[in-house]
Amino acid sequence: MKILAGAIGSDIHTAGILNFLNLAGKEGYETIYIGSVIGIDKLLDSIEEASPDIVAVSYRLGKESCEGLLRELKMSLENRGIEKRLIFGGTVETAEIAERSGLFEKVFDGSEMPEEVVMFLRGRTDAKGEVDYPQTLLERITAKKPYPLIRHHIGLETVEATEGAVRNLAESGLLDIISLAPDQNCQQWFFQQENMISSEDGAGGAPFRTREDFERMYKASRTGNYPLMRCYSGTRDLLKFSLLFKETINNAWAAVPLTWYSQLDGRSDRELLEAIRDNQGAIAWNGGSGIPVEINEAHQWALRYCHASIEVTTAYLAALSAKRLGVKVYVAQYMFNTPPGISPRMDLAKALAKKELIESLKDENFTPVTMVRPGLMSLPADPDMARGQLVSSVYTAMKMDPEIVHVVAYCEATRRASDVEIIESVKMAKQAINEAIKGLPDFKQDKVIQDHKEYLKSESATIIEAMEKIKTGELTSPETIYAAIKLGILDAPGLSKMSVAKGAVRTAIIDGQSCAVDEEGKRIDEKERLSL
């Protein structure tokens, strides 16, 4: 494919054209730059001489003069019988004129991010000339590389408001994945609605009550860039929810915990051992149905202020469980900034320890996918400071080479996000992503990071060794995991006196690290904590 580009009329600006041609060249196009201050006759002479597939025209000097130039261009093309794919680049006001002219298949007004230009250059079209957006996770990841997929969740106070927000988000083209957030009534009692508490309708998410509600959300998303859709798993009846989501929203992946949504956290009344068995059943069903799975385990422990060794261990246990339960594509989520006070350096070391253990399980039947996200607990209440935290967190997390970035809207420390705040937040995150993609130092080679990463992997091995001594079954069996929690091998301070877990471990942030400590606040390792 060949692209010819130049600035027409008296426009001397070249930066935008050269940036566009640079991106096109990287995508395998043959590029021809004919310069600036190009008259219409010279432009057409160049087109006839070079015979390009696409002609890129730029003009930035004003809408009135632009209108006249484009009229001349249209007449001259018709007089010479030239038919080419035309695209335009300019300012907001000249782009508006170009859009109205009907000459161009694509108009750029300068507000686009590099990935949007690249996606246009890569655009696959069907027989009707419409863009074909991949509708499976791995295909979409491949189509967008090196840019990660962007995910955000949405769940407003009413189904109608959520439906409108889903449509707006899809039409924005900014998100690749929309996660539906049902209210707690839905997550816990969708299949036993007589148990719902009406005063809690809309609390924490959208009050979905029927199969048709989910079908409406999917239909609303079939516009714009046709994002993938998924939904929170529910806190009970996870298997029933899995089937519902597959049939109504073509669930991009299922997110199921190993131990949570039980007596462990109180989000359902399921007894812990029963919940582990049920959860593993849902994981196995999704895996067997070809649906990717995320086991949102480790960050739930982190939210209860566990120390990093527990978090690394539970991340590995989750991935190992998924593999043994038949999951083919595993979405591994890495939550940054959690617990509060952890330093970016130690945060990265912890994430790298998890990733290396999870990636060690990779084979032809098990493909891990890296998803990063800011930690909700780290967002300040002040909206300007929260914006800064969001950008900082995403930039740090880009060192993990993620395939998915789960954006958390800057306002969520104080209120749920509407489509307006989501779009603002995604734009901020995308800017951090685009800066990082230009090239980052290899922080993986930082000796402090490497040393702490290896330490955490060693400490995790000690926890695994303690679990293997339980001898109630294999390492990932419900009985072993249940016993590890009851014995305090897996533990967190946030579970004290309110859970079936021991809640006996003490933790603290020391030198930016999340550590287990003794009664005097002194750091202890896992052999001492577990008295091995």
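Strand 14 (residues 506–510) runs antiparallel to strand 15, and five bridges join them. Two strands count as paired if DSSP finds at least two bridges between them. Helices (H or I, at least four residues) and strands (E, at least two) are DSSP runs, numbered from the N terminus. Arg506 has Val517 of strand 15 as its bridge partner. Two residues lie between the strands of this hairpin, and Asp511 takes a positive phi near 55° there.

This is a predicted model: local features need pLDDT of at least 70, side-chain atom pairs count only at pLDDT 80 or more, and totals for chains, interfaces and linings use all residues. Residues are numbered from 1 along each chain as its sequence is written, and side-chain values use heavy atoms, leaving out hydrogens and water.

Now follow strand 15 onward. Strand 15 also pairs with strand 16 (residues 523–524), antiparallel, over two bridges. Val517 stands opposite Arg523 in strand 16. This hairpin has five residues between its strands, and Gly521 takes a positive phi near 80°.

How many of the five residues of strand 15 (residues 513–517) are buried? Five of five are. Buried means under 20% relative accessible area; exposed is over 50%, and partly exposed is in between (1.4 Å probe, protein chains only). In a regular strand, side chains alternate between the two faces of the sheet. On one side of strand 15, Gln513, Cys515 and Val517 are buried. On the other, Ser514 and Ala516 are buried too.

Finally, the loop. Arg209 lies between helix 8 (184–189) and helix 9 (211–220). Arg209 is buried, because its relative accessible area is 16%. Leaving aside neighbours within four places in sequence, Arg209 has contacts (heavy atoms within 4.5 Å) that include Asp183, Phe190 and Asp201.
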